[in-house]
Amino acid sequence: MRWPHRYLLASFTRREVLNRYAGSAAGALWALAHPLALLGVYAFVFTAVFRVKLPPEFGAVGYTAFVAATLWPWLMFSEALEKGMAAVQDNAGLIRKVAFPHELVVFAAVLATFLVHGAGFLVVLCVLAAIGEPIRLAGLPWAFLLLVMLAVLTTGIAAALATVQTLLPDTKQVIGVLLALLFYATPILYPRTLVPESLRPAIDWNPLAWVAERFREVLFTGTGPTITDGAIALAAALALVLGLALFRRVSPHFEDFL
């Protein structure tokens, strides 16, 4: 059976993308310019100032490619989470006037973010491969599957946080701080091997650390799916089910708080 609200979701997603770049002369190019600027700053600071050395297993991989392989997935996760958790409040007028499944606005916010940054991610990987970085383009299908899993996980968390954000508007400030801490607790700018042995168990409990490691494996070594991938896929699906269950339980009362 086809999902009856697919056209409405497509409409919301299209509107979400257009609204983000409305009035912008460069349009969607800003979605690529911002991550590229971050990548340039990080590459300079960690190679010219801190002089981070990559482990031997990364071979000829340059630091810029090393960070790029995980920076874009992180930006998809963090931006989609922030947009998704604010989606109910951002669409308050529509929710008060029109009857439709409210979770669609969360889905649209997450989907729009992954589509825009996903396109930028693909462009950057192709450019890095063209200039000689050892990006295994054969790993792109597996990287796509990882992005799907990440999107499912993000949607589940965003749905739960959108519920809390609607009831407690200060939630976004707390999440902003937590995301900043999580960014540096995830091996995006540094390899996991640089983390002291005593702290690695804590890093291993971070699902985003697993995501970072897996993206580098599939893009730099050509590693295919693993048993752990299946476990994480199930965890992402569980997060989606639980997040949507909470969202749908509270959704009928959203109008009282908007």
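Trainee: Is Y63 buried or exposed?

Mentor: Buried means under 20% relative accessible area, exposed over 50%, and partly exposed in between, with a 1.4 Å probe and protein chains only. Y63 is buried, because its relative accessible area is 9%. This is a predicted model: local features need pLDDT of at least 70, side-chain atom pairs count only at pLDDT 80 or more, and totals for chains, interfaces and linings use all residues. Residues are numbered from 1 along each chain as its sequence is written, and side-chain values use heavy atoms, with hydrogens and water left out.

Trainee: Where does Y63 lie, and what does Y63 touch?

Mentor: Helices are DSSP runs (H or I, at least four residues), numbered from the N terminus. Y63 lies in helix α3. Contact means heavy atoms within 4.5 Å. Not counting residues up to four places away in sequence, Y63 touches Y42, A43, F46, T47, V52, L54 and L189.

Trainee: Which residues have the most contacts inside the largest nonpolar core?

Mentor: In soluble globular proteins, nonpolar side chains tend to be buried together. A nonpolar core is a set of buried Ala, Val, Leu, Ile, Met, Phe, Trp, Tyr and Cys residues joined through side-chain atoms within 4.5 Å. Here the largest has 71 residues, and L189 and L219 have the most contacts inside it. Helix α3 (residues 63-85) gives the largest share of this core, 15 residues. Beyond four places in sequence, L189 touches Y42, F46, Y63, F66, V67, F183 and Y184.

Trainee: At what angle do α3 and α8 pack?

Mentor: Two packed helices are described by the angle between their axes and the distance between the axes. Axes are lines fitted to C-alpha atoms over the stretch in contact, and angles run from 0 to 180 degrees between N-to-C directions. α3 and α8 (residues 171-184) pack at about 170°, with axes 11 Å apart. That makes α3 roughly antiparallel to α8 (over 145 degrees). The residues of this contact divide into 9 nonpolar, 2 polar and 2 charged. Among those in α3 are W74 and F77; α8 residues include I175 and F183.

Trainee: Which side chain does E103 join through a polar contact?

Mentor: A polar contact is a pair of N or O atoms within 3.5 Å; within protein, one must be able to donate a hydrogen and the other to accept it, and residues adjacent in sequence count only if both atoms are side-chain atoms. E103 and R248 are joined at 3.1 Å, side chain to side chain. E103 lies in helix α6 (residues 103-130). E103 is buried, with a relative accessible area of 11%.

Note on methods: Helices (H or I, at least four residues) and strands (E, at least two) are DSSP runs, numbered from the N terminus. Angles under 35 degrees count as roughly parallel, over 145 as roughly antiparallel, 65 to 115 as roughly perpendicular and the rest as oblique. Ala, Val, Leu, Ile, Met, Phe, Trp, Tyr, Cys and Pro count as nonpolar, Asp, Glu, Lys and Arg as charged, and the others, Gly among them, as polar.
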